[in-house]
Structure formats: structure tokens, C-alpha cells
Amino acid sequence: MEQTLHAQHDHYDPEASKIGMWLFIFTELLLFGGLFIIYSVYRYLNHEAFHLAAAELDTFIGAVNTVVLLVSSMTIAMATSAVQLKNYRLTLLLLGITVFLALVFLGNKYFEWGKKFEHGIYPGSDYLKENFSQGEILFFGLYFVMTGLHALHIIIGMIFIIWVMVKLARKKIHSERYVLLENSGLYWHLVDLIWIFLFPLFYLIT
Amino acid sequence: MSNEKHHIVPFRIYVWVLLALLLLTSSSIAITHIELREYTVAGALLFAVIKTFLVMYYFMHLKFDKPYIRLMVGAVFALFLIVIIITFLDYLYR
């Protein structure tokens with residue numbers, strides 16, 4: 001019984017796949033962790049400048065994006081339950097909502113960055129060099145690198161989820177074989193986790 | 001192996017976790033409007049840590065996974081914490 005089952009299927013080991021995904025997530029945590037340490041050290045050394053520079057950021061947009069990511073995290077977590085319940089329509093819908101919310105996040109980010117660029121605040125700009133102190137320039141450098149790297153992860157996460165949706169529509173992912181969906185969820189939650197720290201560190205300094 | 005029963009998390013648990021996360025987010029915004037000086041950062045970070053725990057425990061299924069995955073995650077966070085402590089020991093006592 002067991003052997004015929006194995007002969008029919010190609011190699012599929014959900015537990016090993018999950019461990020692999022977690023190991024990858026650990027490298028991501030340490031990548032962003034390193035950036036967070038750089039941020040903390042510079043903030044410690046340039047206390048006042050960081051407070052001044054952070055006043056330029058819009059807490060409201062940051063808060064909206066936090067809510068957007070938290071809701072999208074819930075919808076993709078629900079998708080894992082929905083696929084186990086064999087409700088594939090709902091799974092697709094929940095994944096679709098997640099991708100849509102990711103787009104909303106990126107749209108917000110686009111307008112937010114656009115406004116900064118309009119005001120002459122971007123890495124290496126003359127306006128920044130002439131009007132701001134060294135510490136404030138450091139703050140904006142870290143802001144663009146860290147939120148930029150995070151936005152790149154959002155884009156990769158979106159592509160990952162869309163790929164999962166295609167496989168789901170083609171019945172390659174189903175209630176007995178859904179580790180890829182689970183792993184895309186893990187990746188998406190990681191993106192959410194990083195934002196949970198980016199938000200207070202960049203937007204909530206008063 | 002494949003007969004292993006998978007725990008299906010009910011939707012309402014996810015809704016409750018989301019509500020808790022939203023509440024914590026608004027609390028962390030509210031706390032920055034109170035004059036606490038250096039404790040403001042500590043407060044906002046504390047809320048972020050609680051949120052991280054909720055996301056990892058429920059959304060990332062650590063609660064329902066085998067214990068060794070929790071152990072691995074704990075080890076990575078311990079490593080990260082050690083690196084932070086060593087870095088700040090260096091900067092604080094220069």
C-alpha cells in the first residue's frame with residue numbers, strides 16, 4: 001500500500017520543504033537583523049539628528065501600511081486553512097486579496113517615496129547634503145536602504161504568491177499537497193515581521 | 001508519514017490574532033504621543049516584540065508545529081540577541 005503510493009508520486013516531503021523554508025527565513029532575519037543593529041548604533045550616536053529627520057516621515061502612511069500588511073498576513077494564513085478544507089475557490093480568493101493588499105502597500109510606498117524625491121530627499125542629493133546634518137543624512141540613507149530592501153521583498157513575495165495561485169488553479173496544489181502555499185505564507189509573514197519593526201523605528205520617533 | 005494528521009486552524013483564531021495585532025499597533029502609536037522620553041522607544045519595541053510573537057506563534061504555525069522548529073527559531077533569536085549585546089557592550093564602554 002505504502003509502496004504503491006510512493007511509486008505514483010514524485011518525491012514530496014512537506015516537512016523537509018518546511019525546514020528548508022525556515023532555514024532560508026533565518027538567513028533573512030540575520031540580514032535584516034544586521035541592518036537593525038547598524039540602525040541602533042547610528043541612532044545611539046546621533047540621537048537628536050534621528051529625531052529631527054524622523055519628523056519628515058508621515059506616521060499616517062506608515063500606520064496605514066502596517067494595517068494593510070497585518071490584514072494581508074491574516075488572509076494568507078487563512079488560505080492555508082481553506083486549502084486544507086478543500087475550499088479551493090476561497091483559497092484563491094484569499095490569496096488574491098493578499099496580492100491586492102501587497103499592491104496597495106507598494107502604491108503607498110510609491111507616493112511616499114515620490115514625495116520625498118520631490119522635496120529633494122534621496123540618497124546623495126545636493127539638497128540633502130546642504131541642508132541636513134550628517135546624522136540626518138544617515139537616517140535617510142538607512143530609511144531608503146531598509147524600506148527599499150523590504151519593498152523588494154514585497155515584490156518577490158507577490159510573485160511567489162501569484163505562482164502559488166497558478167499552481168492552485170492547475171490543481172498542482174490541493175488539500176494533500178500544499179506545502180508550497182504554506183511556505184509562501186511563511187515568507188509573507190516574514191515580510192510582515194520586518195515591517196512590524198521598521199514602522200516604530202522609522203515612523204514613531206517623536 | 002503522509003498519514004500524519006494536520007491541524008486545521010479555524011478562521012476565527014486568525015481574526016482574533018489580527019484584532020490583537022491591530023490593538024497593539026494603535027497602542028504603539030498612542031504611546032509615542034505620551035511624554036516618556038527614553039521609555040518611548042522601549043515601549044514601542046516591546047509592542048513590536050509582542051506582535052512578532054503573535055505572528056510567529058499563530059500565523060507562522062509555530063504553535064501547531066513540532067517543537068524542534070520552535071527550538072530552531074529560538075536559537076536564531078538568541079544568536080541575534082547575543083550579537084546585539086556584544087555590539088552595544090563595545091559602543092557603551094568605549
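# Briefing: chains A and B

Lys18(A) has a relative accessible area of 10%, under the 20% limit, and therefore counts as buried. The model is predicted. Chain A contains eight helices and zero strands, and the area buried between chain B and chain A is about 4200 Å².

**Chain A**

- Read from the N terminus, the order of elements in chain A is α-α-α-α-α-α-α-α.
- Along the principal axes, a box of roughly 75 × 30 × 25 Å holds the C-alpha atoms of chain A.
- Chain A has 206 residues, and 52% of them are buried.
- When contacts in chain A between residues at least 6 apart in sequence are taken, 82% of these contacts link residues at least 24 apart.

**Interface between chain B and chain A**

- Interface size is often expressed as the accessible area that is lost when the parts come together.
- Carbon and sulfur atoms give 78% of the area buried between chain B and chain A.
- Chain B brings 44 residues to the contact, and chain A brings 47 residues.
- Two salt bridges are found across this interface, and five residue pairs are in polar contact across it, with both residues of each pair at pLDDT 80 or more.
- On the side of chain B that touches chain A, the elements giving two or more residues are helix H1 (11-32), helix H2 (39-59) and helix H3 (67-92) of chain B.
- H3(B) supplies 14 residues, the largest share of that side of chain B.
- Sorted by class, the side of chain B that touches chain A consists of 33 nonpolar, eight polar and three charged residues.

**Salt bridges**

- Over all chains, the count of salt bridges is five.
- One salt bridge joins the side chains of Asp65(B) and Lys18(A), at 2.6 Å from N to O.
- This pair crosses between chains: Asp65(B) is in the loop between H2 and H3 of chain B, and Lys18(A) is in helix H2 (residues 14-45) of chain A.
- Asp65(B) has a relative accessible area of 14%, so it counts as buried.
- Lys66(B) and Glu15(A) also form a salt bridge through their side chains, at 3.1 Å from N to O.
- Within chain A, Lys109(A) and Glu112(A) form a salt bridge whose closest N and O atoms are 3.2 Å apart.
- Lys109(A) and Glu112(A) are about one helical turn apart, because they are three residues from each other in helix H5 (residues 88-118) of chain A.
- Lys109(A) is buried at 4% relative accessible area, and Glu112(A) is buried at 3%.
- Within chain B, a salt bridge links Arg94(B) and Asp90(B), with the closest N and O atoms 3.0 Å apart.
- Arg94(B) is exposed, with 68% relative accessible area, whereas Asp90(B) is partly exposed, with 36%.
- Lys18(A), Glu182(A) and Asp65(B) belong to one network, joined by salt bridges that share partners.

**Ser28(B)**

- Ser28(B) is located in helix H1 of chain B.
- The relative accessible area of Ser28(B) is 4%, so this residue is buried.
- A polar atom of the Ser28(B) side chain lies 2.8 Å from the backbone oxygen of Thr25(B).
- Apart from neighbours within four places in sequence, Ser28(B) has contacts with Leu204(A) and Phe47(B).

**Aromatic residues**

- The structure has 26 aromatic pairs over all chains.
- One of them is the tilted pair of Phe160(A) and Trp163(A), with 6.1 Å from centre to centre and 35° between the planes.
- These two residues are three apart in helix H7 (residues 134-169) of chain A, so about one helical turn separates Phe160(A) from Trp163(A).
- Phe160(A) is buried at 16% relative accessibility, while Trp163(A) is partly exposed at 45%.
- Phe199(A) and Tyr203(A) also form a tilted pair, because their planes are at 35°; the ring centres are 5.8 Å apart.
- In helix H8 (residues 179-203) of chain A, Phe199(A) and Tyr203(A) are four residues apart, which means a separation of about one helical turn.
- Phe199(A) is buried at 1% relative accessible area, and Tyr203(A) is buried at 2%.
- One aromatic cluster in chain A includes Tyr39(A), Phe50(A), Trp113(A), Phe117(A), Tyr122(A) and Phe202(A).

Note on methods. Residues are numbered from 1 along each chain as its sequence is written. Chains are lettered from A and ligands numbered from 1 in the order in which they are written. This is a predicted model: local features need pLDDT of at least 70, side-chain atom pairs count only at pLDDT 80 or more; totals for chains, interfaces and linings use all residues. Side-chain values use heavy atoms; hydrogens and water are left out. Contact means heavy atoms within 4.5 Å. Buried area is the accessible area (1.4 Å probe) that two parts lose on being put together, summed over both. A salt bridge is a side-chain nitrogen of Lys or Arg within 4 Å of a carboxyl oxygen of Asp or Glu. A polar contact is a pair of N or O atoms within 3.5 Å; within protein, one must be able to donate a hydrogen and the other to accept it, and residues adjacent in sequence count only if both atoms are side-chain atoms. Ala, Val, Leu, Ile, Met, Phe, Trp, Tyr, Cys and Pro count as nonpolar, Asp, Glu, Lys and Arg as charged, and the others, Gly among them, as polar. Buried means under 20% relative accessible area, exposed over 50%, partly exposed in between (1.4 Å probe, protein chains only). Rings of Phe, Tyr and Trp (its six-membered ring) pair if their centres lie within 6.5 Å; planes under 30 degrees apart count as stacked, over 60 as edge-to-face and the rest as tilted.
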